[in-house]
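Here is a short tour for anyone opening this structure for the first time. Keep the 3D view at hand and look up each residue as it comes along.

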Amino acid sequence: MTVKTFYLNQEKTVTLKAYMLDNVEGLKFCEKRPAILVLPGGGYEYCSAREGEPIAMRYLAEGYNAFVLTYTTKKRYPASLINAAYAILKIRQRSEEFSIDPNKLAVWGASSGGHLAACTATMWSDPVIYKALDCKPEDIRPDAVVLSYPVISGVTNPHKGSFDILLGEYASRDELSKLSIENRVTPKTPPVFIWCTADDDCVPAQNSLVMAKACVSNKVPVELHMYDSGPHGLSTCDKVTGWNEYFHLDNCKKWIELSVKFLEKYMNV
């Protein structure tokens, strides 16, 4: 495996860490692997290390080349979204170097990173984003998204801290509605996989429900798994990310296997 870190801004504060599996001679699959961009959570205040490399490792084990983005935090919208869109663009532009199929690029995000991942899935055609990157809208559209206990809505059981950073503490309802992803889903939104826990006391499960409902309304392929119990920030749901003391998380761990099957189906992996 090869690991490389790339800087995506002059200040060297936005980084893209690439994890690339070795190619096996004679196996064409290795020459053009599927890829996944990992967007950690952290309430838009920081990027959680627990939701970075551990997630990349799990998808690497499934044959994906993975990319972990450390994006801009503590800044107003659309700073972090432009970072994420730029990462998608660069991964596609360098697909040959990264040994990936540019048409099999998924985005994964957790919590506020889930909001950011959902933004990439629904706002790729926003002129504010693609014109800032001087590219075509389809260049920054992911082929699928995986959302782990995501922040979605600024009006339905919102995670106030995330929206305070994105829009300011005194944002109007109209501003909050604009960044509520359930209002941005269209029939052109890529397939969406979502999972959460029913008793999440940080980002309420209603966020996942309104996202799934919006996908259904727009006939976007969607798969939703809500587990009965589990704290926020589960990441891989195992001892690697600090959850070995929660014996009942064995059920939640299945989200990774289920998401891989979902991506296989909708990205033709």
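## A salt bridge to start with

Arg94 has a relative accessibility of 32%, so it counts as partly exposed (buried is under 20% relative accessible area, exposed is over 50%, and partly exposed is in between, with a 1.4 Å probe and protein chains only). Its partner is Glu97: the two side chains meet in a salt bridge, 2.8 Å from N to O. A salt bridge here is a side-chain nitrogen of Lys or Arg within 4 Å of a carboxyl oxygen of Asp or Glu. Glu97 is also partly exposed, at 40%.

Before going on, a word on the model: it is predicted, local features need pLDDT of at least 70, side-chain atom pairs count only at pLDDT 80 or more, and totals for chains, interfaces and linings use all residues. Residues are numbered from 1 along each chain as its sequence is written, and side-chain values use heavy atoms, with hydrogens and water left out.

## Two bridges across the chain

How many salt bridges does a search of the whole structure find? It finds 7. One of them joins Lys17 and Glu53, with the closest N and O atoms 3.9 Å apart. This pair links distant parts of the chain, since Lys17 is in strand β2 (residues 15-20) and Glu53 is in helix α2 (residues 53-60), 36 residues apart. Helices (H or I, at least four residues) and strands (E, at least two) are DSSP runs, numbered from the N terminus. Lys17 is partly exposed at 31%, and Glu53 is partly exposed at 38%.

Now look at Arg92 and Asp143, another salt bridge, whose closest N and O atoms are 3.1 Å apart. Arg92 sits in helix α3 (residues 79-93) and Asp143 in the loop between α6 (127-130) and β6 (144-148), so the bridge ties together parts that are 51 residues apart in sequence. Arg92 is buried, with 15% relative accessibility, and Asp143 is buried too, at 17%.

## A buried charge without a bridge

Glu182 is in the loop between α8 (173-178) and β7 (192-197). Is Glu182 buried or exposed? It is buried, yet it has no salt bridge: the nearest side chain of opposite charge, Arg173, is 8.0 Å away. For charge, Lys and Arg count as positive and Asp and Glu as negative, while His and the chain ends are not counted.

What Glu182 does have is a polar contact, side chain to side chain, with Ser153 at 2.7 Å. Such a contact is a pair of N or O atoms within 3.5 Å; within protein, one must be able to donate a hydrogen and the other to accept it, and residues adjacent in sequence count only if both atoms are side-chain atoms. Leaving out residues up to four places away in sequence, Glu182 touches Ile152, Ser153, Val155, Thr156, Val210 and Ala214 (contact means heavy atoms within 4.5 Å).

## Helices that meet

The axes of α3 and helix α5 (residues 112-122) come within 10 Å and cross at roughly 65°. Axes are lines fitted to C-alpha atoms, for helices over the stretch in contact, and angles run from 0 to 180 degrees between N-to-C directions. On the α3 side the contact is made by Ser80, Leu81, Ala84 and Ile88, and on the α5 side by Leu116, Cys119 and Thr120.

Helix α7 (residues 160-167) has buried residues Ser162, Phe163, Ile165, Leu166 and Leu167. Their cover includes α3, α5 and α8. Just after α7, Gly168 takes a positive phi of about 95°.

Most residues other than glycine have a negative phi, and most peptide bonds are trans. With that in mind, turn to Tyr77 and Pro78, which are joined by a cis peptide bond with omega of about 10°. Pro78 is in the loop between β4 (65-70) and α3.

Which phi does Tyr149 have? It is near 35°, a positive value in a residue other than glycine. Tyr149 is in the loop between β6 and α7 and is buried, at 3%. Cys237 also has a positive phi, near 65°. Its place is in the loop between β8 (222-227) and α10 (254-267), where Cys237 is buried with a relative accessible area of 1%.
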